Amino acid sequence: MSVPTPAVGGAEGEQLMTRVIWYYFVAGMTQQQIADKLGITRLRANRMIGSARANSLVRIEVRMPLARCVALEEEIRQHYGLQHVTVVPAVDDDQAPQRIVGQAAAALLEPMLVDGKGFGLGWGRTLSSLVRGLAPRRLPNAWTVTLMGSLTRGSGINTFEVSTQFAGLMGMECHYVAAPIYCPSSESRTTLLTHEGLAEAMRRAGEVDVALLSCGDLSTKSLLAQTQIVRQCVPELREAGAVGDILGVFLDADGTPVDHPLNSRVMALPPAELRRIPTSILVSGGINKAPIIKAITKAGYVTHLVTDESVAEAMV
């Protein structure tokens, strides 16, 4: 079945052109992929891209806002009581949401990168993409801290690795919650927190000015859910009502931590403590994460949200 081609002129035509520009320059899609997605000819897509170049509509960012994304931003901001929401168009690619949402979050974060501030970081592909999208600078009086423990092996998106990359890029000192994400028991967690250095890092985690966070669901797409310690608990977590996690803490649909042993063994800043942080930014996309993103925003754990259109539609 063919998709009707939107009108050329007026606001509808401008919105079509903006989508073509965004998918080509930001999402990295080919002209044929764009034509197939939007139900237009490849020639028409080519002409719109050429016109954008000729009229300087595209430099580093698309300067024409997408009306639907802007409307979703405002609707979500008001409904969930957030300070700011950024919604980017959805892309039909499992890896694209992390990259594109991360880039959008980098643009949001840039003006917040002020010397003297404290920054807290979680982990994951999306935050790694965020860091890669930042321009380097020197903030010698600023500092960063990991907001949770780490995996025991490197992956390029591990908490330690993301925070180290961010600190190096900004020229600031970095503090680490030097412990595994999950301790063997709640008692061992308590014992570890008697270590002066670890206790200091956890104290700093609660005192940051800006927290950069991502989240995960319980599907096979989630990095945390695929670790051995969590994978074997997924059926129990689902039974307890969990829809996903933030900082390794598993939440139900209302954003309340579920009753499960993993939550008592996690080495991370508790979600409730996020409410005390002046600016907490949730950076996450992909329709599979819609329930956990909604739960986090519903519970008031974050002040800012950067996500994609598919998640935003599900939230409203």
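Select K289 first: this lysine is buried yet has no salt bridge, and D217, the nearest side chain of opposite charge, is 6.4 Å away. Buried here means under 20% relative accessible area, with exposed set at over 50% and partly exposed in between, using a 1.4 Å probe and protein chains only. A salt bridge requires a side-chain nitrogen of Lys or Arg within 4 Å of a carboxyl oxygen of Asp or Glu. For charge, Lys and Arg count as positive, Asp and Glu as negative, while His and the chain ends are not counted.

The model is predicted, so local features need pLDDT of at least 70 and side-chain atom pairs count only at pLDDT 80 or more, whereas totals for chains, interfaces and linings use all residues. Residues are numbered from 1 along each chain as its sequence is written, and side-chain values use heavy atoms, with hydrogens and water left out.

**Around K289**

Stay on K289, in the loop between strand 9 (279-283) and helix 14 (290-298). Helices (H or I, at least four residues) and strands (E, at least two) are DSSP runs numbered from the N terminus. Show the backbone oxygen of C215: a polar atom of the K289 side chain lies 2.9 Å from this oxygen. Next show S284, whose side chain makes a polar contact of 3.4 Å with that of K289. A polar contact is a pair of N or O atoms within 3.5 Å; within protein, one must be able to donate a hydrogen and the other to accept it, and residues adjacent in sequence count only if both atoms are side-chain atoms. Leaving aside neighbours within four places in sequence, K289 is in contact (heavy atoms within 4.5 Å) with S214, C215, G216 and S284.

Move along to helix 14, where the buried residues include A290, I292, I293, A295, I296 and T297. Just after helix 14, select G300, which has a positive phi of about 75 degrees.

Select T144 in strand 3 (residues 143-146). T144 is buried, at 0% relative accessible area. Its C-alpha atom is 4.9 Å from that of C174, 30 residues apart along the chain. A polar atom of the T144 side chain lies 2.8 Å from the backbone oxygen of F119. Residues touched by T144, not counting those up to four places away in sequence, include F119, F166 and C174.

Now look for rings: the whole structure has four aromatic pairs. Rings of Phe, Tyr and Trp (its six-membered ring) pair if their centres lie within 6.5 Å; planes under 30 degrees apart count as stacked, over 60 as edge-to-face and the rest as tilted. The ring centres of W22 and Y23 are 5.9 Å apart with planes at 85 degrees, so this pair is edge-to-face. W22 is buried at 10%, and Y23 is buried at 3%.

F119 and F166 also pair edge-to-face, 5.7 Å centre to centre with 65 degrees between the planes. F119 is in strand 2 (residues 118-121) and F166 in helix 7 (residues 159-170), so the pair ties together parts that are 47 residues apart in sequence. Relative accessibility is 0% for F119 and 0% for F166.

**Last stop: helix 6**

Select residues 125-132, helix 6, where six of the eight residues are buried. These are T126, L127, S128, S129, L130 and V131.
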